[in-house]
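Thank you all for coming. I would like to walk you through one structure this morning, so please have the sequence and the three-dimensional view open as I talk.

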Amino acid sequence: MKSLDKKPSDSAKSGKKETAREAKKSSISREQALELLKKYNKEPFHIQHALTVEGVMRWFAKELGYGQEEEFWGITGLLHDIDFELYPEEHCKKAPELLREAGVGEDMIYAVCSHGYGICSEEEPKLEMENVLFASDELTGLIWSCALMRPSKSTMDLEVKSLKKKFKDKRFAAGCSREIISQGAERLGWELDELFDKTIRAMRSCEAAVAEAMEK
Ligand SMILES: [Fe+2]
C-alpha cells in the first residue's frame, strides 16, 4: 500500500475559507486538452479514467459553488495523469514539462502535480479544487471497481452502503489506497460518507457521457 506520511496542514484545510479571488480560467481549450491527453495516452483505461475524473471535477465545481470555474476544474481532471502512461516512474515529475510545452498555465500545472502529494510530488493541495482532485482521483477507481461487480456494471444503482463495505475490505481493489481516500476526506473536512455520497453522484452524472466518448 502506498503511504502518505504527510498530514494536511491547517492552510490545506482552509479550502472553504478561500478568500474572494478571480475565477480560474484554463489557458487551453477542452478540445486542445483532449488532443494533448491522447497524444500521451493510448490505453483505453487511462482515457476512460481521465474522462471520468474530468466529469467528476465538473460536477464538484458546480456542487461546491465554483460554477464559473467548471472548465478549469474539468480540464485539470482531464489532464491530471497526463504523464502516467509513458513515464510511470516520473509521475507528476514529467507532467509540468508536457503541460508547459502545450501552453497550460502554471496554476493548472500546480493543481495537476498536487494530486500526487506525499507519494510522487511535493506540491501540497491547497485550493478546494486541488483537494477535491486529490480525494476523488483515488476514490473514482474504487467506485468504478465496485460498479463493475454489479449486474448493472454501473454507478447508477451503487449505494454508499455497498461502497463502504468494499472500502473496509482491503483485499478488494487493493491498489486503491484507502489511506489516500481517508486523507482526502480529512483534507476537505468531510466525513468519509459525505465524500462517498458526493463522488458517487458525480460519477453518475458523467457515466453515460464517458461511455459514449469511449465508443467513438
Ligand atoms: Fe488519476
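Predicted model: local features only at pLDDT ≥ 70, side-chain atom pairs only at ≥ 80, totals over all residues.

Let me begin with helix α3, whose buried residues are F72, W73, G74, I75, T76, G77, L78 and L79. Because eight of the ten residues of α3 are buried, the helix is largely enclosed by the rest of the structure. As for what surrounds α3, its buried residues pack against α1, which covers 30–40, against α2, which covers 44–63, and also against α4, α5 and α6.

Stepping back to the chain as a whole, we find nine helices and zero strands. The radius of gyration is 16 Å, close to the 17 Å that the globule rule gives for 216 residues, and the chain is therefore as compact as a globular protein of that length. Along its principal axes, the C-alpha trace spans about 45 × 40 × 35 Å. Buried residues account for 42% of the 216 residues, and, among contacts between residues at least 6 apart in sequence, 68% join residues at least 24 apart.

Which residues of the largest nonpolar core touch the most other members? The core has 54 residues, and those with the most such partners are V56, M57, F60, L79, A135 and I143. Helix α6, residues 128–148, gives the most to this core, with eleven residues.

F84 lies in the loop between α3 (70–79) and α4 (95–101). Is F84 buried or exposed? It has 21 other C-beta atoms within 10 Å, and the cut-off for being buried is 20 or more, so F84 counts as buried. Apart from its neighbours within four places in sequence, F84 is in contact with H46 and H91, and its C-alpha atom is separated by 8.7 Å from that of Y40, a residue 44 places away along the chain.

The other loop residue is I119, found between α5 (106–114) and α6. I119 counts as partly exposed because it has 16 C-beta neighbours inside 10 Å. From I119 to I181, which are 62 residues apart in sequence, the distance is 13 Å, C-alpha to C-alpha.

Technical notes
Residues numbered from 1 in each chain as written. Helix = DSSP H or I, 4+ residues; strand = E, 2+ residues; numbered from the N terminus. Buried ≥ 20, exposed ≤ 12 C-beta atoms within 10 Å, placed from the backbone. Contact = placed C-beta atoms within 7 Å. Core = buried A, V, L, I, M, F, W, Y, C linked by C-beta atoms within 7 Å. Rg over C-alpha atoms; globule rule 2.2 N^0.38 Å.
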